[in-house]
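Student: I would like to learn how to read a predicted model step by step. Could we go through one together?

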Amino acid sequence: AVTAFVDPDLLEEVDMETHAAKMKSSLDALRHAYSRKFTTKLSLEFFEEVVVSESNGRRLPLKHLGQVAFKDKQTITVDMSASPKSVDNVVQSLSKSGLELSPIQRGKSVDIPLPKVTKDFCASLVKLAQRSAEDAKVNIRRIRQNIMSELKSKKKEMSEDDVKLLQKYADSLTSQMTDEVDQLVTKKKS
């Protein structure tokens, strides 16, 4: 496509390499989430990354508030000794995580019985995976917007042809990355 015809010096005008790396980073984060979090065998990492909204408005990953560990094969426990005031918020956030979890508060800890793998559970995972994919696409498009803004501010310094070429390059790169996100989603659904 367009990428074969762009002079590397021209790409440096808007630091395209950095922007491309940021887009790739969004894609890699999605790949990582798909391989670790969105599987029928839930890992500790999934629970550690659940975002907890505290009463003061802060939003923190669960791993910053408590220690997540397996209690047994069917139960995960969160030791909230370090943040006992956040136990209720943790229970609420886990309940709203989209996986139909039923956390149980036990003093300064929270037990999470792992759900059985049912069609509903799989459907919940697919919804979360799709939401993560859409977030990755939004990040990629936001990076594209940054490139376009940067090009707009450099219009006086660069020729119109160079600006258009870089815009096409950014569009091509964005398209390539969002297509890869779509391929990941398709693979995950099957």
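Student: How many helices and strands are there in the protein?

Tutor: Before counting, a word on the ground rules. This is a predicted model, in which local features need pLDDT of at least 70 and side-chain atom pairs count only at pLDDT 80 or more, while totals for chains, interfaces and linings use all residues. Residues are numbered from 1 along each chain as its sequence is written, and side-chain values use heavy atoms, with hydrogens and water left out. Helices (H or I, at least four residues) and strands (E, at least two) are DSSP runs, numbered from the N terminus. Here the protein has six helices and six strands. Along the sequence they follow the pattern α-α-α-β-β-β-β-α-β-β-α-α.

Student: Why is the protein described as more spread out than a compact globule?

Tutor: One takes the radius of gyration over C-alpha atoms and sets it against the globule rule, 2.2 Å times the number of residues to the power 0.38. For 190 residues that rule gives 16 Å, and the protein comes out at 21 Å, well over it, so it is more spread out than a compact globule. The C-alpha trace spans about 65 × 40 × 20 Å along its principal axes.

Student: What share of the residues counts as buried?

Tutor: Burial goes by relative accessible area: buried is under 20%, exposed is over 50%, and partly exposed lies in between (1.4 Å probe, protein chains only). By that scale, 39% of the 190 residues are buried. As for contacts, meaning heavy atoms within 4.5 Å, consider pairs at least 6 apart in sequence: 64% of these join residues at least 24 apart.

Student: Which residues touch the most other members of the largest nonpolar core?

Tutor: A nonpolar core is a set of buried Ala, Val, Leu, Ile, Met, Phe, Trp, Tyr and Cys residues joined through side-chain atoms within 4.5 Å. The largest one here has 53 residues, and Phe47, Leu94, Val110 and Leu166 touch the most other members. Elements that each supply at least two residues include helix H2 (16–36), strand E4 (75–79) and helix H6 (160–189). Helix H5 gives the largest share, eleven residues.

Student: What does leucine 94 touch?

Tutor: Setting aside residues up to four places away in sequence, Leu94 touches Phe47, Val50, Leu62, Leu101, Pro103, Val110 and Ile112. Leu94 is also among the buried residues of H4, together with Val87, Asn89, Val90, Val91 and Ser93. Those buried residues pack against H3, strand E1 (51–53), E5 and E6.

Student: How should I think about residue spacing in a helix?

Tutor: An α-helix has 3.6 residues a turn, so residues three or four places apart point the same way. Beyond neighbours within four places in sequence, Ile143 is in contact with His19, Lys22 and Met23. The C-alpha atoms of Ile143 and His19 are separated by 6.5 Å, although the two are 124 residues apart along the chain.

Student: Is isoleucine 104 buried, partly exposed or exposed?

Tutor: Ile104 is partly exposed, at a relative accessible area of 32%. Strand E5 (residues 104–106) is where Ile104 is found. With neighbours within four places left out, Ile104 is in contact with Ser109, Val110, Asp111 and Pro113. Its C-alpha atom is 7.3 Å from that of valine 91, 13 residues away along the chain.

Student: Where is serine 109, and what is it in contact with?

Tutor: Ser109 sits in strand E6. At 18% relative accessibility, Ser109 counts as buried. Apart from neighbours within four places in sequence, Ser109 is in contact with Thr77, Val78, Asp79, Met80 and Ile104. Ser109 and valine 68 are 41 residues apart in sequence and 9.8 Å apart, C-alpha to C-alpha.

Student: Which phi does aspartate 15 have?

Tutor: Backbone angles deserve a look in loops too. Asp15 has a positive phi of about 50 degrees, although it is not a glycine. Asp15 lies in the loop between H1 and H2 and counts as partly exposed at 39% relative accessibility.

Student: And where does glutamate 49 lie?

Tutor: Glu49 is in the loop between H3 and E1. At 28% relative accessibility, Glu49 counts as partly exposed. Between the C-alpha atoms of Glu49 and leucine 60, eleven residues apart along the chain, the separation is 8.6 Å.
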